[in-house]
Amino acid sequence: MLHLYDTATREVRELALREPGTVSIYLCGPTVYGPPHLGHGRATLVYDVLRRYLEWSGLRVRLVSNITDIDDKIIERANREQRPWQEITTKCERVWFDAMGKLDVERPTDVPHATEYVVQMVDMIGQLVEIGRAYATDDGVYLSVETVEDYGLLANQRLDDLLAGGGEREVFGAEHKRHPADFALWKLSKPGEPSWPSPWGDGRPGWHSECVVMSLDLLGEGFDLHCGGMDLKFPHHENERAQAVALGKRFANHWMHNGFVVDAEGEKMSKSLGNVANLLDLTEHYDPRAYRMLLLQSHYRGPVSVTQDNIDASVKALAGLDAFAARTASVAPATADASVLDAFRARMDDDLDTPGAMALLFDTVRRANVALDAAGDEAGALVAAVHEMCTAVGLVLKGAAEVPAEVAAKAAALDAARAAKDFATADALRAELQADGWTVETTKAGTTLRR
RNA sequence: GGCGACGUGGCCGAGUGGUUCAGGCAAGGGCCUGCAAAGCCCUGUACAUGGGUUCGAUUCCCAUCGUCGCCUCCA
């Protein structure tokens, strides 16, 4: 069974399932106010690999991933551009799923929107106020973190230490709050801002409430896994958890966080630094599979630097796998080699050791090629194992391509010329095909073409 | 100030107390090929620095240097 690092306990431990055979996962989705960046891509790819692996393992996965479609940044942009905020959220969400589609990221089983859950959020906030864990001020409602005994669990910091540093930083809303770390559950709206009714006045929910309400509604108490990027660990996930704990609810059983995308200098890439490399650019200029490959060859918890060289290397690695897929397209179906798949599972189950799994994949490809060269019997099982592993991590290999008739005719002419030892004609035909963008492989068995 | 991560061969990137061991990319040599491509084989005395523990450390401990992250924008 899968073992994963748990941020809450700071150890790799078995992912215990509340319900045998089914995995319930909550993934913090995007705030839709701009184009997705590389970090978004990493997070969704990491959890897509996780999801596919679990499904490949025979488990039923329910993956809930929200869309935050009401937020200060959305309002700011709407004001700046003098557009209705819904226009921005609708468009950004479409762009988001388009990009995810290009990356072969499966759509979550559930995609709840914050704006669909405002009534439930108001209800939850009301309960928190009622039991004295939250309080209203003249600008909103805040959760009192001092009433949450283990606040700071995910951040691995005590409440005092959380506030010790950061010298010059201003504490947001300090004048209204009882404790500097208290966070907004409800923000009263200014005139002209989107708002919903509440007992404390018209306003909008704070960022951290939606995930609590939606995860508990769709997945229920004590769901298996809550995940997202490292930067969500604190304050977002800490504050989600604080609300659930304050309500006396069992929340996520296991917490998983992926590492950052960093730039060439090793610094975190984020919107606030202004060095955003856009995910849309990446999928436009490169084979989108290259990003998945790059991430698979790194561990999900470490930093990854997405550079030209790294992407190029992944593209090349992929080309080798594609060539293998083309070469083996006609290999008779066989049962996948069990020892290879066992080794694969062992690596994946060890905190999603995808680099180890990829090493095994490449080794298996090489072994299969050797077997094919020798016309050995074991080739089929190895080929099948390669395809199984690719499926498990969501890698789609491009085998022999669909070839237009006139191109196929050229390939046939090329074979005929070679058979007739008319190498000048053969070379000319090959050059033509290559100039047309085809990868041409002439073998004794005939010419194969790939894009 | 508090908490944490990391420094590996030309590059990327895993991993481990002790004969060969990742893997990918790149490079050199060879086999195959009409020539290529693809594939296969071989090659390169890596583990930030200084101590310590040990029969033995890249792997454990301590220190130093360096890089980075979080401490209410953030995947």
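A residue is buried if 20 or more other C-beta atoms lie within 10 Å of its own, with C-beta atoms placed from the backbone. By this count, 41% of the 451 residues of chain A are buried. The model is predicted.

**Figure 1. Overall layout of chain A.** Chain A holds 15 helices and 14 strands. Its C-alpha atoms fill a box of roughly 90 × 50 × 40 Å along the principal axes. The chain is divided into domain 1 (15-258), domain 2 (285-393) and domain 3 (405-450). Taken over C-alpha atoms, the centres of domain 2 and domain 3 are 29 Å apart. Among contacts in chain A with a separation of 6 or more, 73% join residues 24 or more positions apart.

**Figure 2. Close-up of helix H1 against helix H13.** Helix H1 covers residues 38-56 and helix H13 covers residues 379-393. Their axes come within 6 Å and cross at roughly 130°, which makes H1 oblique to H13. On the H1 side the contact is made by Val49, Arg52, Tyr53 and Trp56, and on the H13 side by Thr391, Ala392 and Val393. Sorted by class, this contact of H1 with H13 has five nonpolar, one polar and one charged residues.

**Figure 3. Close-up of helix H1 against helix H9.** The axis of H1 comes within 10 Å of that of helix H9 (residues 289-296), and the two cross at roughly 70°. H1 and H9 are therefore roughly perpendicular to each other. From H1, the residues Gly41, Arg42, Leu45, Val46 and Val49 meet Tyr291, Arg292, Leu295 and Leu296 of H9. By class, the contact of H1 with H9 has six nonpolar, one polar and two charged residues. Val49 of H1 takes part here and is also listed in the contact with H13.

Figure 4. Pro30 lies in the loop between strand E3 (22-27) and H1. Pro30 counts as buried because it has 20 C-beta neighbours inside 10 Å, and 20 or more are required. Apart from neighbours within four places in sequence, Pro30 is in contact with Pro36, His40, Ile67, Thr68 and Trp96. Trp255 is 225 residues from Pro30 in sequence, with a C-alpha to C-alpha distance of 18 Å.

**Figure 5. Close-up of helix H6 and its surroundings.** Helix H6 (residues 209-218) is largely enclosed by the rest of the structure, because eight of its 10 residues are buried. The buried residues of H6 are Ser209, Glu210, Cys211, Val212, Val213, Met214, Ser215 and Leu216. They pack against E3, strand E4 (60-65), helix H4 (118-130), strand E7 (183-188), E8 and helix H7 (233-247). Gly220 follows H6 and has a positive phi, near 85°.

**Figure 6. Close-up of the sheet formed by strands E5 to E8.** Four strands form an open sheet in the order E5-E6-E7-E8, with antiparallel pairing. Strand E5 (134-136) and strand E8 (203-205) are the edge strands, each pairing on one side only. From one strand to the next, the twist averages 20°. E5 pairs with strand E6 (residues 140-143) in the antiparallel sense over three bridges. Val141 in E6 is the bridge partner of Ala136. Two strands of this sheet, E7 and E8, are also among the elements against which the buried residues of H6 pack.

Conventions:
Residues numbered from 1 in each chain as written. Chains lettered and ligands numbered in written order. Predicted model: local features only at pLDDT ≥ 70, side-chain atom pairs only at ≥ 80, totals over all residues. Axes fitted to C-alpha atoms, helices over the stretch in contact; angles between N-to-C directions. Parallel < 35°, antiparallel > 145°, perpendicular 65-115°, else oblique. Contact = placed C-beta atoms within 7 Å. Nonpolar A, V, L, I, M, F, W, Y, C, P; charged D, E, K, R; others polar. Pairing = 2+ DSSP bridges. Domains from an automatic or database assignment. Buried ≥ 20, exposed ≤ 12 C-beta atoms within 10 Å, placed from the backbone.
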